[in-house]
Structure formats: C-alpha cells, structure tokens
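Q: Can we go through this one together? I'll ask, you answer.

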Amino acid sequence: MDSKFLKFYREIFADLTVDREESQQLKTYFLQANPPPDKHVWLRATAFRVGSEFLSEDNMDKNTAVLRCINAIVHTLEMTCMQPKPPKPSASSGSSKNELKEKAENFYREIFSDLTIDREESAELKAFFDTANIPKSELVGFRAAAFRIGSEFFGEDKAANVSLLRSINVVVHFFEQAFLEPKSYVLHVEPKKEKTVARIGLHASIEDAVQHLWDLDVNRLTPGRDYKINVQSGKKAYQKFDAAQDPLFTMVDKSVFRRPTYRCFYHLLDNYHAETGTADTLTRSQQEETHRFLKAIMQTGPMQFCHKYCCANGKDIPRDRAKFQELLYDIWFKPYHRARNCRADSSGFEHVFVGEIKDNKVSGFHNWIQFYLEEKKGALDYRGYIKPRSKRDAATNEDDHVLNLQFKWKGVEKMVGTSFIGVSPEFEMALYTTCFLVGEEENRLELDTGTDLFELVIKCYTMARGKIGTSFPEVQSHSD
C-alpha cells in the first residue's frame, strides 16, 4: 500500500493542479484502497512529505499550488475515511462563528511565524482545538484556513518552506484529533469459498489464511526504517553463555506507539503480575483498556478477515461483530488459574504477550513489543539467537520477521523463545485466534514474509474450558 500511494501522490503533484476529474480520481482511489484507521495519519503526513519534493525556492505561485494539492488530498482523505466526532458538551460556545474564525486565523499566524512548532505550542494547539466549538458545517473551512494562512509564510529558502509544511501538518493533525474520527472500517475481502476445511483440508486452508493475514498487515513495521535490531551471535538452545553483549533492539521509532492498535496494546502490558500464583485483579480503568484494545483491532483488516474466515470454517462462531468481540474477550482475557491452590492468576493474553514466571522459569512471553519495552527498562537481557537446526537454513539477520531467542527476564532464564518481530498486535491476535478457533494444536504452514520463507508450526493449547493457554510460532526451517 505504501509504495502505491507514494506513486499516486506524485502523479497528483505532477502538474500542481487538482481539477474535478482528479478530485474524483482521488476519491475513487481512497475508496478502493480502503485504508484502515491506523493508516490515516501516515497517508496525511505523506501527502505533506511528497508535496515538499515539489517546492520551489523562488516561485511563490508554485509553492501555493503545492499547498492547494496537499489540501485537496487531505480533504479527500477526511471526506472518504473520516467523520465528525459528536459535539463536545464541554467545549466553549461563547464566541460567534466569525469571532472563532478570526481567533483561529490569528492563532495560525502566530503558530506559523517562526516556522516551527515546539512542545509548548503543541500543547497550546491541542488546548485551542479541544475548547473550540466548531460546527460540523464549518470544519472544512477551519482546516482549509490553516493552508491558506500558511501560504502567507512562504519565502525564498526551500528548507524554511519545508519546515512550514511540517508546521501546517502538525496543525492539521491536532485539528483532526479534536474533530474527526475514523469511519467504521469494513474489510472488502471475503474468504474464498474453496478455502473451507471440507474442500481442501485443514492444513492447506490454515496455511493460505495465515499468508493472507500477513499480506493484510499494513500496520507491520519495516526493518531498518521503523526499527533496527542487532542479532549478534547465535548458540545452541542448551548453551547458557551470553552470546550478545548488546541489546537486541537498537531503535524503534517512537511514532509507532501513536498508532491506535499499538497504543492500546501498550497500555495493557502493565496490568499484570509476572509471578503465577498472584491473582490479577484489574481495575475498571484497566478493563476499559482491554475493551478499547479489542475495539481497535476489530477495525483492522487482519482481525476482520479472521472473523470472516472463522465464521466460514468454524462452528458456533458468532457472525455479529460485537458478539465476536465478546468471544475474543472470553478466550483471551477471562482470567483462570495456572498455579495450583490460588485464585485466577493468568489469562491467554497475559501468558502469550506479557509473559509469566512460574517455578523460576519464564513462561510464555512471545511478543516483540513487550521484549523491546522490557529490554529498554533494563528488566530483560538478550543473550543471543538460537542457531538454525540445519546448516542448510538461512543465516539469522536483521530483517528476519521471526526469531528464536534466548533471554533473561527479571533475572529468570528463557532458554528458547520464538517471537515474530515487527508485526502489528492485530496480526498476532488474528493469527493465534484463527489457529485456536478453526485449527489444531499444531498448525504446520509456510509463511512468505517477503524477504524470507519460514516453515512454521503455530502451536495453540487450551486451558480452563475453552480459553487460550498458550500460542506461539516454532521455526522448523528458514530460507532466503
């Protein structure tokens, strides 16, 4: 999706005009692409970034035309993929429409005056939009005014003009946060009828479904750009020496955690106790975090395909999305006891994504985001990757999306743990849910990640009457 939009944007900017025909092309392109909500910020920011390529140092008319093109793209994105939020009951309504418009324009000029927006100005922008009671009918005009006022500040320094575009993007970002929300997202892909268990067998259908989930994961990170890892040296699974002097993750782009599903996932990770035998009692606020996460991932392609695929191939899977979300809560988040003689101390989500310590061993812990965050805090020591089983396997390197790892967490060793790297929370939830609901305990498949081919076994085990006990990948072979 990324490369296609980059090419399309450059075609739009080529003649620096967006006529009626191109406006319709923009609308059609967005509707057909059907970008998930997690992609909206990237699509808007990329319009500014690509537009900056067409700026001139000495032609103000050309620069204004660039800005009009960016505004046209942003307008189409908002009209096709977003909708106004409900009115804010606490917003100020003391100013008339004209007074509010004048106040906004003066504020825009003040913001753009030094061509940068620092943390203090960001807070002022947020506060301004949060308290402004802009009628739905006026939203387009208030957003367009940011572009119009911004055009007044173009100069003869291209670097300064690029900085101006960044400032306008920030204003539009806070505007959209305050007044717009994604439209309900519906995946336009139906599971093919021939991919039922009865037609082609469980193994083949699961394999194809998992590959399709991978292809739908537009929220997956790109190695070397969104994150960087340093795999260092390998070892056999039984070896206890430290084969990695440095952390596994050298960088993860902070903006990743502003993406809705990543942000919601992040807030769940501190809701649990690591030690089994200690009951996890979630507060109302923490329970709300869980439901926000489920709602967020159900707005994505992988989880919507998971739902449709499970309905087509499973038994007693609710077709209603809200009821399917309740099922997800039951199998992933309803607590049960993993240690004997204690209250509910575990759940599928806690075990798989957060990790637990039982009998002085790390149990579960198969998520790269939790790995990165715990490593960053100093609570986790990466001790090297596990060498491939066969000499014929490809070498482990920095662009692998599946790694066999050894590490210590809170001083306790995990001799072998396998994790996907860089994938989105919704992909892993969709993958493990699909295998759990319509697969077997061991699901053998090949996965083409684009850079490597992995032969995997996705393992899913049940606990506590139909809840997920654990689920994780196991690498059988790996080739470039």
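Q: To start, is Phe 175 buried or exposed?
A: Phe 175 is buried, at 2% relative accessibility. Buried means under 20% relative accessible area, exposed over 50%, and partly exposed in between, with a 1.4 Å probe and protein chains only. This is a predicted model, where local features need pLDDT of at least 70, side-chain atom pairs count only at pLDDT 80 or more, and totals for chains, interfaces and linings use all residues. Residues are numbered from 1 along each chain as its sequence is written, and side-chain values use heavy atoms, with hydrogens and water left out.

Q: Which residue forms an aromatic pair with Phe 175?
A: Phe 129, in an edge-to-face pair with 5.8 Å centre to centre and 80° between the planes. Rings of Phe, Tyr and Trp (its six-membered ring) pair if their centres lie within 6.5 Å; planes under 30 degrees apart count as stacked, over 60 as edge-to-face and the rest as tilted. Phe 129 is buried too, with a relative accessible area of 0%.

Q: Where do Phe 129 and Phe 175 sit in the chain?
A: Phe 129 is in helix 6 (residues 119-131) and Phe 175 in helix 8 (residues 158-179), so the pair links parts of the chain 46 residues apart. Helices (H or I, at least four residues) and strands (E, at least two) are DSSP runs, numbered from the N terminus.

Q: How many aromatic pairs in the whole structure?
A: The search finds 39. Ring pairs also link a cluster whose members include Tyr 227, Phe 249, Trp 368, Phe 407 and Trp 409.

Q: Which charged residue lies over the face of Trp 214?
A: Arg 220, at 4.0 Å from the ring centre. Lys 235 lies over the face of Phe 241, at 4.9 Å. The test is NZ of Lys or CZ of Arg within 6 Å of the ring centre and within 35 degrees of the ring normal.

Q: Different topic. What does His 40 touch?
A: Leaving out residues up to four places away in sequence, His 40 touches Pro 35, Leu 77, Cys 81, Met 82 and Pro 182. Contact means heavy atoms within 4.5 Å. His 40 is in helix 3 (residues 40-52) and is buried, with a relative accessible area of 5%.

Q: How much space lies in the second largest pocket?
A: About 400 Å³. Of the 28 residues that line the pocket, the closest to its centre are Ile 386, Lys 387, Arg 389, Asn 404 and Val 475. On a 1 Å grid over the protein atoms alone, a pocket is an open set of points with protein on both sides within 12 Å along at least five of seven lines; a cavity is a set where a 1.4 Å probe fits but cannot get out, and lining residues have an atom within 4 Å of a point. Points are joined across faces, edges and corners, and a volume is the space filled by probe spheres set on them.

Q: Which strand gives the most to that lining?
A: Strand 13, with seven residues.

Q: What is the phi of Gln 232?
A: Near 60°, a positive value in a residue other than glycine. Gln 232 is in the loop between strand 3 (227-229) and strand 4 (234-235), and is partly exposed at 23% relative accessibility.
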